[in-house]
Amino acid sequence: MNEHRIPLAGVIGSPIAHSRSPRLHKHWLRVYGLPGDYVPLHVEPEDLVEVIRSLPKMGFVGVNITIPHKVAVLELADLVTDRATLIGAANTLIFRKDGKIHADNTDGYGFIANLKQNAPGWNPAAGPAAVLGAGGAARAVIASLIEVGVPEILLSNRTRPKSDALKSEFGQRVRVVDWVQAGNMMEEAATVVNTTSLGMVGAAEFRVPLDGLRPGTVVSDLVYAPLKTRLLVEAEAAGCVAVDGLGMLLHQAVPAFERWFGIRPEVTQATRDAVIG
Ligand code: NAP
């Protein structure tokens, strides 16, 4: 690659106009005074391979990958990290100087880093974690909870076969709970995580009963629009520690920014403000 080019990064998805990632990376580039830019790239599945193969020739050092391409990009990567293999999807590509494409998944890292920053007393080993949902985000959350030592994961999803499939992949530490019983998980849980899209602007409401929540439980919602979901409002009212999903979005971007632009950025209140706009 031509060393005099300004390094470029971006996010590939369809649709992509709603993405907050450009604001985030542009903010960090500005704060750290680095040359570079970050752009949203709307790419359809049939064009994905051709687009990705041509990006390094234009000065791209890497891209984030979002819906619907997170699984497909594993096929065209030359190297896939262990965590991306375990999760079965990638959200970050690094275009190496030797021409190789490196695929990683930083969602689980971002999820845990967000909990550590915003629930500093969180002890993963304190008890079971209740996870709602069994989609792509749930895979990253479950893999990372197991890695940090959560003793058991109670998993509930509207479509039961999907939670059964995750149990067979992630093993004995996962216990599947019927969706109609999801509210019962709250009493046992030391950590509660919503990985469904319920409660998100434009999606169905979050209606899982929450009266079993105990004070001190750490409750995290991956949904970040709105920032204060019904789950988080009720969790706070019950004396729980509520952690919103924006922090995960910010933290998952840290390792990617570092690999692309050479500085490990910090997630601060100013970062949040820049992204909320
Ligand atoms: P996904 O793979 O499409 O999974 C969606 C999940 O939501 C599935 O478990 C699905 O259940 C459930 N769901 C959807 N509508 C439902 C309904 N009406 N009733 C019950 N369950 C319902 O999506 P994803 O990639 O995992 O993302 C899930 C959410 O996490 C999205 O809101 C996304 O924005 C958010 N997210 C946030 C971050 C962050 O950084 N904060 C990162 C990744 C994702 P079924 O299996 O029954 O369909």
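Residues are numbered from 1 along each chain as its sequence is written, and side-chain values use heavy atoms, with hydrogens and water left out. In this predicted model, local features need pLDDT of at least 70 and side-chain atom pairs count only at pLDDT 80 or more, while totals for chains, interfaces and linings use all residues.

Six strands form an open sheet in the order β2-β1-β3-β5-β6-β4, with mixed pairing. Its edges are β2 (37-42) and β4 (79-80), each of which pairs on one side only. Helices (H or I, at least four residues) and strands (E, at least two) are DSSP runs, numbered from the N terminus; two strands pair if DSSP finds at least two bridges between them. Strand β1 (residues 8-13) is joined to β2 in the parallel sense by six bridges, and Ala9 stands opposite Tyr38 of β2. Helix α1 (residues 21-31) packs on the sheet, where it touches β1, β2 and β3, and its direction makes about 165 degrees with that of β2. Here contact means heavy atoms within 4.5 Å. Axes are lines fitted to C-alpha atoms, for helices over the stretch in contact, and angles run from 0 to 180 degrees between N-to-C directions.

Further along the sheet is strand β5 (residues 92-95), which is covered on both faces: Thr92 and Ile94 on one side, and Leu93 and Phe95 on the other, are all buried. Buried means under 20% relative accessible area, exposed over 50%, and partly exposed in between (1.4 Å probe, protein chains only). Strand β3 (residues 60-65) runs antiparallel to β5 and is joined to it by three bridges, with Asn64 having Thr92 as its bridge partner. Strand β6 (residues 101-104) also pairs with β5 in the antiparallel sense, over four bridges, and Leu93 faces Ala103 there. A hairpin is formed by β5 and β6 with five residues between them, and Gly99 in the turn has a positive phi of about 90 degrees.

Attention now turns to helix α6. Nine of its twelve residues are buried, among them Val141, Ile142 and Leu145. Just after α6, Gly149 takes a positive phi of about 100 degrees.

Two helices pack against α6. Helix α5 (residues 107-118) meets α6 at an angle of about 60 degrees, with the axes 8 Å apart. Asp107, Gly108, Phe111 and Ile112 of α5 make this contact with Ala140, Val141, Ser144 and Leu145 of α6. Helix α6 (residues 136-147) and helix α7 (residues 160-170) pack at about 35 degrees, with their axes 12 Å apart. In that contact, Ala138, Arg139, Ile142, Ala143 and Ile146 of α6 meet Leu166, Glu169 and Phe170 of α7. An α-helix has 3.6 residues a turn, so residues three or four places apart point the same way.

Finally, Thr191 lies in strand β10 (residues 191-194). Thr191 is buried, its relative accessible area being 0%. Leaving aside neighbours within four places in sequence, Thr191 is in contact with Trp122, Pro128, Ala129, Ala130, Thr217 and Val218.
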